[in-house]
Amino acid sequence: MNSDKPATGSPVPGSGESAGVESTTVGIVSLIGCIVRREWLVALRNPGQWVNPLLFFIVVVSLFPLGVGPSPSTLASIAPGVLWVSALLAVLLSLGALFDADYADGTLEQLVLSGQSLPLIVLAKVLVHWLLSGLPLLFVSPLLALLLNLPVHAIPVLMVSLFLGTLTLSFVGAIGAALTVGLNQAGVLLSLLVLPLSVPVLIFGSSAVVAAASGLGVAGQLLVLAALLLLALALAPLTAALALRIGVSGSS
Amino acid sequence: MSVDQKNSMLSVNNLTVWRGDNLLLDKISFALNSGDVLQIKGANGSGKTTLLRVTCGVGIADEGEVYWNGIPIHKSRDQFNDALLYLGHKPGIKGGLTAIENLRIFATLSGYSQTKETDRAIESALDALSLTPKSHIACRYLSAGQQRRVGLARLLLRSSHLWVLDEPLTSLDAAGLLWVEAQIGKHAANGGAVLLTTHVPLNIDAVTVDTLELG
């Protein structure tokens, strides 16, 4: 190690006079790009993070025909609820750890203190998390819908409602994950915090699929889901960022 | 040390922190100006880390206030965060990412765009810390000392007035210790300020290290 080696090539030498004068805020695009790439690499090298919710979804849904019995009409009538409840739990269970790894290795403090917009960082983290754990649920849902004898014409509505719903749930869950960051065994507390907020999504999501299965219009339910998504998209990153600041400071 | 919150760069005024029924920090005050190096000493559990966290604004004090250029830090968070480099108790690096990936994220978060110049700065920082051969290995496979070095490489990548270093010498070897001392000396000579905790007596040329004893 060379103790007197100058930091040549450094964008700004060690502690120049200019420090603090220039703005050190990066653009929105490069900030989000940076966090997305970070989350993506971390998740790809830790496959359990995105395989577990998918397996959970598949296992829970495929247990129902075994428990309830193979009668096609019974299965068809419970299919929307089963698919939706399983998807909701799969998303929320995986979200609990959204900030825990960053908290444990100290990078969360670095993110909070970086001076960059924390809501944007939260937004990027939630989006990557949804891409890896919410989106796969969408792709296997047609198969599981057939397993439960859901009418084929309801499957597109199922996928659209799951798209809107799981994304909303990811944002809502991020608030819960931020509030419980640093707490051990926060699973039950997280459920208590987040489940009441996710009930509207569940109600409108499954009722859209029920309506589609009986050939009724679904525009109303899907629009409400879209409105809930916009609400969550606008408010959840701000709320979660505030909760994170408190969560990080609560420990030492 | 007298506390002059108007004219000091960083001043910490009567910080008091309770941990349950325990008074952890009792009216701690100090000030830091350009060129100052302040070493916090104290037994384990005397509140060194807590003091640093509160000073950085990631911890909450029950009483007292931290001022940056005369303004409470919760009112000047953006300016303060820009001027602050905090190396915490935990390494603050992602174990699943390589040293280069970790430092690229840090550079972006510090406001540098992803350019060749930034990459060169990262390479030279890794070189200065003898990490070049290990720069493409996921950090979780590095030794504790090497992980600490990846964290310390940030000292070269971000130009901040105030360095707050929590036990920066943990698991470092003798060469690492010398390197950190040299960096602190250079930073202070360039007009920066350093607040750190460590149990090792520091030997820095041309800079007086003030000490504050806790507990």
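**Ground rules.** I am working on a predicted model, where local features need pLDDT of at least 70 and side-chain atom pairs count only at pLDDT 80 or more, while totals for chains, interfaces and linings use all residues. Residues are numbered from 1 along each chain as its sequence is written, and chains are lettered from A and ligands numbered from 1 in the order in which they are written.

**Chain A, overall.** I went through the secondary structure and found 10 helices and zero strands. I take helices (H or I, at least four residues) and strands (E, at least two) as DSSP runs, numbered from the N terminus. For contacts I ask that two C-beta atoms, placed from the backbone, lie within 7 Å. Among chain A contacts between residues at least 6 apart in sequence, 80% join residues at least 24 apart.

**Chain A, two kinked helices.** I still found a kink of about 50° at A:Ile78, shortly before the proline A:Pro80. I get the bend from the angle between axes fitted to the seven residues ending at a position and the seven starting there.

Then I turned to α10(A), residues 219–249. This helix has 31 residues and reaches 44 Å between its first and last C-alpha, close to the 45 Å expected. Here the kink is about 35° and lies at A:Leu235, shortly before A:Pro237.

**Where A meets B.** I counted 41 residues from chain A and 57 residues from chain B in the contact. On the chain A side, α1 (28–44), α5 (107–113) and α10 are the elements giving two or more residues. The most comes from α1(A), with six residues. By class, I get 13 nonpolar, 21 polar and seven charged residues on that side. I count Ala, Val, Leu, Ile, Met, Phe, Trp, Tyr, Cys and Pro as nonpolar, Asp, Glu, Lys and Arg as charged, and the others, Gly among them, as polar.

**Chain B, overall.** I see six helices and nine strands. The radius of gyration of chain B is 17 Å, close to the 17 Å that the globule rule gives for 215 residues, so chain B is as compact as a globular protein of that length. That radius is taken over C-alpha atoms, and the rule is 2.2 Å times the number of residues to the power 0.38. Along the principal axes, the C-alpha atoms fill a box of roughly 45 × 35 × 35 Å. Of the 215 residues, 51% count as buried.

I followed β1(B), residues 10–19, into β2(B), residues 22–32: they pair in the antiparallel sense over seven bridges. Pairing needs at least two DSSP bridges. B:Val12 has B:Phe30 as its bridge partner. Two residues sit between the strands, and B:Gly20 takes a positive phi near 65°.

**Chain B, α4.** Among the buried residues of α4(B) I noted B:Ile122 and B:Leu126. The buried residues of this helix pack against α3 (99–109) of chain B. After α4(B) comes B:Ser130, with a positive phi near 55°.

Terms used: The expected span of a helix is 1.5 Å times one less than its number of residues. A residue is buried if 20 or more other C-beta atoms lie within 10 Å of its own, exposed if 12 or fewer, and partly exposed in between; C-beta atoms are placed from the backbone.
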